[in-house]
Each structure stands twice: as C-alpha cells, then as structure tokens.
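Please look over the sequence and the three-dimensional model below before reading on.

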Amino acid sequence: MTILTVSGKRILAFGTLALIAWTVSVRGQSAVVAKLGAEVTAPASPASSQVKVVDLIPASLSGETNQDSEPFLAIQTANPQVMVASAFTPNPFSNTGNAPVYVSQDGGNTWVLNAITPVQRVTCDITHAMATGENHPRGDLHAGTLACSTAITLNESETNDVGSSTTMNVQSKRTDVDQPFVRALGVSSGDRIYVGVNDFNQSGGHTATVDVSVDGGATYKSIAIEARNTMGQDGPSVRPAVAGDSTVYAAFFGWRRFDGKTATSDVVVVRDDTGATGPNPFQALKDPSDNLPGRLVVKGVAIPWSNLPTLGQERIGSTLSIAVDPNNSSTVYVGWADHGSKGDIYTLHVRRSTDRGATWSATDLPNTTVRNATNIALAVANNGVAGLLYQQFTGNRWVTHVVQSHNGFATVQDVVLASVPADAPTEQFLPYLGDYDYLLSVGNEFRGVFCANNTPDLGNFPQGVTYQRAADFSKKRLTDGSGNPVPISIDPFYFSAAVIP
C-alpha cells in the first residue's frame, strides 16, 4: 500500500517488498511445475467432516522456509475442480524467472506451483479472478500484479489455461498504483473485469479507482469513484463486488484527515447497474447528506495506521471487504476494521443493505463486532447464506474463523479453522499474515484461503488438515522429505466448508 503524508510527499509504506531480502531454502527440486509427493493428513473429528483444510506448499518444496503470506483464490465456476491461489511465494528456482501461482485441478486436494505471472521472481501484490460463466477447460484467469521495483508497476494480465507454462499475457500496464483487487463477470459478449486500485494518477486526491474492461481486458478505463475531498488520497483498499445481473458495487475508505497514526475515514460504497458499461459509471448511489455519488455507510471512523508489528506481529490499517448476493443484488454486505471503542487495537464490523445500498443497518449486525481481529472477507452463497472469514489475535494466538448465517448473523455457525501461536515464527517482513485473505462461494461450498504458522500440530487445526509438504505430526515438526528438520514458517492454507441450509 502507498500512503501520502499530510505534506503530500508519497511514502511507500504498505505493499512495497522491493527491499525485502527474500530467502529460499529448498532441497531437491527440479521444476517449478512440480509433481506432488505423498500427503500427510491429520484426522478430523466427526463434527468437522464437511470442512477441508489443506497446506498449499507442494511436497517438492518441503525444505522451504519463506513467509508465504497474503493469500488469494480464484475458482472456475463452470469447473470448480480448477482453482488458482497465490501468496508472496518467490520463484524457488530462478531469481529472474516469473513469480508463481498455485494451481489445483482436483478441487483443492493437491496443488502445484506454476510460474506464469508477468513479474520477476515474486509479486509485490497479486489478486485474480476467473469470470463466472466461463468454460475454458482449465480456466480463464485475470490477474492484477504489482512488480517489486523502484516505480511500482501494475500489470493487468490474463491466461486461458492456468495449467500451461506460458507466461500470462499483459494487457495493460502502468505505474503509481497500489493494491489491485480483481473481480470478473462472464457475459455473452465476453469477460468484464473490475480491478479496484488506489491510483495516484488521479487528480485532486481522488485516488479510489476501479479499472474497468468490458472487452475481456483488451482495453481498460480507469474510473475514479471518490467524489469528496480527501486528505490527499483515499485508503489503499478498493474492493469491487459483482452480481450475476451486472450490478457492480465497490467499497473504499474515503480518507478525510490523517495525523500520521490515524486516518479519519468514511466507509463509502458506490454502485453501477449496467456493469460499468455506460458513459458515467458508479453514479447510481448518492448520499442524502450531500447528494454526491457514493453512499456513506459510516462517517468519520478512526482507522489506526501502522506499518509496524502492531497486532500479533501484523500491521494494520487496510481491512475492508464487500460481498453481494449473486442472485439478489439488492442484498450487499460490507465489513471493515477501525480502532473500536473499548480500548482494543483493531475491531471488525459488518453492516448490511437490502435495498441496493441506499440504506444500511445503523449498527453492526449481531455477532460481527470482533475485537483485535483483521483480514475480514465476506461472501454470499447461492442460497443467500452469508459467510465471514477473519483472523483474531487472542491469547497470543492467531485464530482463523469462518462464520455462516442465513439470517443476517442473528444466529451463526462459527467454525475455527486454525489456532496457532502468534509469536512464532518471527516476522521476516510485513505483512506477516497478509493485508487480506479471501472467501468465495461456489455450488454448495464456501472456499477460501488464509495464512498461518505451519507447525504440524493436530491441536492447531480443529477441523483436521492435510499437508503436501513433508511433516511429522507425532513429533510436531517439518522435514525436508529426507528426515532433516525444517524451521517453521508461514504457509498459505486452502479450505472448503459446506454451506449451511
């Protein structure tokens, strides 16, 4: 993420990994697209039989000790066996080769690395999406990646085959933007792509932007969605969400003041009813207080900003998520984190609109005010069930929850996916776990990704877990595949959970 000081000088604070000394300790690998070895599965309890958790690190990389943080996930809805995940995972075999993604072609049971992103060795940021309705045999993936260089460069790229070793085709490139966040919708005329970015090329400090392509990425248009005065920029997080009827929402932090430690911010939601195909997109919602585009869900909340290990070795300042019911675009949820009011560091909140964003719940939905937590991700299943993924720092542990509700969180099913020590391993860089994780719905499942301490300890994974990398659960240690011990690190984990009725 990039931040402007009050004086207007731009400081690369979040999201810039160019100065990180990446370390890779790998033994015995021979190819980036690696065949999987034997898996190690920790048994689940009978109550958790509908939940699956998988460590993404392939067996061939059992010796690696990277901080593989900030995960993301894309699913081909026409063939949900095909998925792509990502993290801050460097190319383990080449300092000049492409940065890799993780690919599964069996519904998340196994994953391999495929070095296809158009970025050297490791990305500074990456998100991606496969458009709903697409039916390419191995996915039509759209990605937004940041290259770690002096001038942070955004590449908006695509591939029709995530199993191919061919580098993704760059369709658009520019500098001076931060934290791309990609969503996509398949229509009869082709894919429509929406990339939320914090764009310092926009004038007047109106940096909250959505890059829109309505022709499958052949051309992009950058649309500023901020209509009000800012302190020189908006917050780094700009999050689009797309419904099947071409309704597109986007949420962002409208930064009104910043004192170096706290951003006084509005949480703003905009909407477009025609897939942003018209001449003046994202103008459908206006706030009654000033009649400007963008509904103010909350005004003037205090968002602490810290590029230091502030919460369980994690930095804070950017947690934001929005999700729309795929079959009822009138229902939309937004979640964020701010300072809270009870002396905690970082508090999550979720609000809901049932009238297309015109009005919002005046207070947090029940069971969604979560203290000392971050990495909120929202999704809505086909049956209208809302899903909430988050990570909470409690008792010196990072506890990862996935929560489901069919009635606006009045009653919930709360499942703990992982509960791991927060003080180990020591952070190599920030973000420690990531500035976000991700949750999607497909068919009758919620699927998502999160990052966590990778100690192979059954007590850390209440729903059970499968490791591809070599692990000795009886001794609670990682090995390199030849029996030699390997230090613990941060790994990305995939999970799926059956949608509640």
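Which residues lie nearest the centre of the largest pocket, and how many residues line the largest pocket? The lining consists of 39 residues, and those nearest the centre are Thr132, Arg183, Val242, Leu440 and Ser441.

This is a predicted model, in which local features need pLDDT of at least 70 and side-chain atom pairs count only at pLDDT 80 or more, whereas totals for chains, interfaces and linings use all residues. Residues are numbered from 1 along each chain as its sequence is written, and side-chain values use heavy atoms, with hydrogens and water left out.

**Overall make-up**

The protein chain has 37 strands and zero helices, where both are DSSP runs numbered from the N terminus, with at least two residues (E) for a strand and at least four (H or I) for a helix. Of its 501 residues, 63% count as buried, a term that stands for under 20% relative accessible area, while exposed stands for over 50% and partly exposed for the range in between (1.4 Å probe, protein chains only). Among the contacts in the protein chain with a separation of 6 or more, 61% come from residues 24 or more positions apart, a contact being heavy atoms within 4.5 Å.

**Pocket and cavity**

The largest pocket holds about 700 Å³ of space. Strands S5 (72–75), S9 (123–130), S13 (177–187), S17 (238–242), S23 (320–325), S27 (373–380) and S31 (438–442) are the elements that each give two or more residues to its lining, and S27 gives the most, with six residues.

One cavity of 30 Å³ or more is found in a search of the whole structure, and the largest cavity holds about 50 Å³. Twelve residues line the largest cavity, and Arg315, Ile316, Thr319, Thr374 and Asp435 are the closest to its centre. Strand S22 (314–316) and S27 each supply at least two residues of this lining, with S22 giving the most, at three residues.

Both kinds of space are found on a 1 Å grid over the protein atoms alone: a cavity is a set of points where a 1.4 Å probe fits but cannot get out, a pocket is an open set with protein on both sides within 12 Å along at least five of seven lines, and lining residues have an atom within 4 Å of a point. Grid points are joined across faces, edges and corners, and a volume is the space filled by probe spheres set on the points.

**Sheets and strand pairs**

An open sheet of four strands runs in the order S23-S24-S25-S26 with antiparallel pairing. S23 and strand S26 (370–371) stand at its edges, each with a single partner strand, so one side of each is left without a neighbour in the sheet. Another open sheet has three strands in the order S34-S35-S36, again with antiparallel pairing, and its edge strands, S34 (471–472) and S36 (485–486), each pair on one side only. Two strands are taken to pair if DSSP finds at least two bridges between them.

| Strand pair | Bridges | Residue pair |
|---|---|---|
| S19 (residues 262–272) and S20 | seven bridges | Thr262 and Pro304 |
| S23 and S24 (residues 328–338) | six bridges | Leu320 and Trp336 |
| S35 (residues 477–479) and S36 | two bridges | Thr479 and Pro485 |

Strand S20 (residues 295–304) is mostly covered, with seven of its ten residues buried.

**Single residues**

Asp287 lies in the loop between S19 and S20, and Asp287 is buried because its relative accessible area is 2%. Its side chain makes polar contacts with the side chain of Ser289 at 2.5 Å and with the side chain of Arg295 at 2.9 Å. A polar contact is a pair of N or O atoms within 3.5 Å; within protein, one must be able to donate a hydrogen and the other to accept it, and residues adjacent in sequence count only if both atoms are side-chain atoms. Leaving aside neighbours within four places in sequence, Asp287 is in contact with Arg228, Leu292, Gly294, Arg295, Leu296 and Lys299.

Val170, in strand S12 (residues 169–175), counts as partly exposed because its relative accessibility is 33%. Not counting residues up to four places away in sequence, Val170 touches Pro118, Asn155, Glu156 and Ser157.

Zero disulfides are found in the whole structure, a disulfide being a pair of cysteine sulfur atoms within 2.5 Å. Cys124 is buried, at 0% relative accessible area, whereas Cys148 is partly exposed, at 25%.
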